Amino acid sequence: MRGTFDLLKRFRADERGAFAVIFGLLAIVLVAMAGAAVDYTGMETARAKAQIALDSAALGLAPKIYAQTEEQLRKSAEDLVKERLNDSTLTVSVDSADATTATGTLKLEGKITVPMAFVQLIGIPTMTTKLTSEATRGSINLEVSVALDTTGSMGSTGISTLQTALSTLIPLVVKDQQVPTYSKMALVPYSTAVNVGADYAVGARGPVVPPKTITAIDWKNGVVRNIKSISKTNPAVVTTTANHGYITGEFVYIAGVGGMNQVNSKKYKVVVLTNTTFSLQTVAGVGVNATGYSTASNNTGTSQRCYLATCDIVVTTSDDHGLVTGQTAMFTGVNGMTQLNFDFTTKTSSATYNKPWFVVTRLTNNMFALDGTDGTDSSKGGGYGAYTSGGLSYCVLYGCTYYRYRTDRPPYKATASCVTERMTNSFNDVAPSNTLLSINYTSDGVCGINEKMLPLTSDKAELQKYTASGALKASGNTAGQIGTAWAWYLVAPTFGELFATPGKPATYDAPNTLKIVIIMTDGAYNQEYCRGVVAGNTATSATCSAPDGTTGTMTGPFGQAEDLCYNMKQKGVVIYTVGFNLGTSGNEVDLLKKCASDPDKAKLANDNAGLVKAFREIGENISDLRLSQ
């Protein structure tokens, strides 16, 4: 028994071969522990790649949260991540997609399983880690206004190309999903002016005073009275065959008296004596001494009461004519007394152009006299026919339907709904309620541009109407400064007073809001106005200085546009410009470069394909700007 115990003691004390045994036992653990660092590094590399792929999927799918189900989004995200990783050794899954449309947020959760090369020796064949990514759809509100040159120089081919370019731009800017942010576009076709449409004309330029309907025209006021006799006294006394109905101080015209021809064809003030008698005074109020006159024949002559001492023609309207003494009136459509009608059939360059218009004296709200038209004088009003019916009376001032801009030319007529630049606050965005735009006056009342501007809208179908065949037509000269102004006005919050809510621009400091103006032109700005009438053309207008630029170096309409662009940019508006077939130099090119917010935003398109390309590049750039803000 003792020998057994000794043997055990010797075995315990014997250390020969111990290191090899211990090393053998620990080798597996040591290898696994050393390889774990390699496995961890590989797992982290795979997880980082998977995370990038999941982030990319979240960003790409975020805009689709309004159109797809969460399961569709999950499946799409999983496919995208697998495609991006392209590694069959990795097991990756996207387990859930949580779309919150109110905030435009998409949250994706998944996991990736990575095979282990070393730690599998100790029973860990794979390792799995979770993945999470969240993306919010671009949160920038977008307001874009486009000025479209539709002048005659564009021609039908240019207009067609412009419409193609516009149809390319619209879907790049205006997105189908309008929450949580919106994207809107406004359009401003322009040529000789801008047509704001009947809905906005009054608010933008003020009302145009309409003509007044005429109910009567005459110099006579009352029934002619037959004279029975006139006394040779001081003052002379007239006796009528019937009740004369006069009131002291009224004026009469006497004619046809036999014998006493000294009283004929003259005007008198009356002093009533009885119902059938009255004495005569001069218009100035001095009694008429007839003691030296010839004897009047009995029952000869007539007495006719006049509206005025001058017996001038008096016009009566159905409502307030609005004229004040010293203003000018003109007439159309008068029957009987047709000599009053303005003759538009003759247009002459003669400095003695003298078609009828009349200086007026206001009598009442509904009556006014035509100065110098003495109805008793055959060479004046007396030579006119008798009024029978009809007729319209017009004021001929700025703000009226007709504007007498020059005395030796026919009057200009207000267009239905077009506007030109205003004479003050011409280069800023002061609200129209503060300073109205100018009414557009032309020789025939035709604006020359039928296409109306379109306020901000997210309705792509409404915008695309402008790209339909025949929707835009080439005509007229280039009032590019007016097109530039209205491109700004349509994104200017001060002009929001004109529009209903969908078209109202946001304030300049509205959070996460980007305002952009695109100005497109194919030529020189050669049309400017003074109070709504073409300025600078002595053949058609009087001397009048149109507003000119003050902050830039250019003059005329170019100077106006330069100032508008400068002030626009001061408000934080981003400006793109597009020149079509302008070459590489000239005032037009210089202006577009000055207007653009930076050189990259000034595009020169010298052929049809270039115009479409320019609009596409701008649209893509706007999309990038929106997502990068």
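I began with glutamate 462, which is partly exposed because its relative accessibility is 27%. My cut-offs: buried is under 20% relative accessible area, exposed is over 50%, and partly exposed is in between (1.4 Å probe, protein chains only). Its partner is lysine 465, and the two side chains meet in a salt bridge at 3.1 Å, N to O. Lysine 465 is partly exposed too, at 49%. I call it a salt bridge when a side-chain nitrogen of Lys or Arg is within 4 Å of a carboxyl oxygen of Asp or Glu. By that rule I get 19 salt bridges.

A note on the source: this is a predicted model, so local features need pLDDT of at least 70 and side-chain atom pairs pLDDT 80 or more, while totals for chains, interfaces and linings use all residues. Residues are numbered from 1 along each chain as its sequence is written, and side-chain values use heavy atoms, without hydrogens and water.

Next I checked glutamate 78 and arginine 74, which form a salt bridge at 3.3 Å, N to O. Both are buried. They sit four residues apart in helix α3 (residues 70-85), so about one helical turn separates them. Helices here are DSSP runs (H or I, at least four residues), strands likewise (E, at least two), numbered from the N terminus. I also noted a salt-bridge network linking Glu71, Arg74, Glu78 and Lys82.

Last, where is asparagine 440? I found asparagine 440 in strand β21 (residues 438-442), and it is buried because its relative accessibility is 0%.
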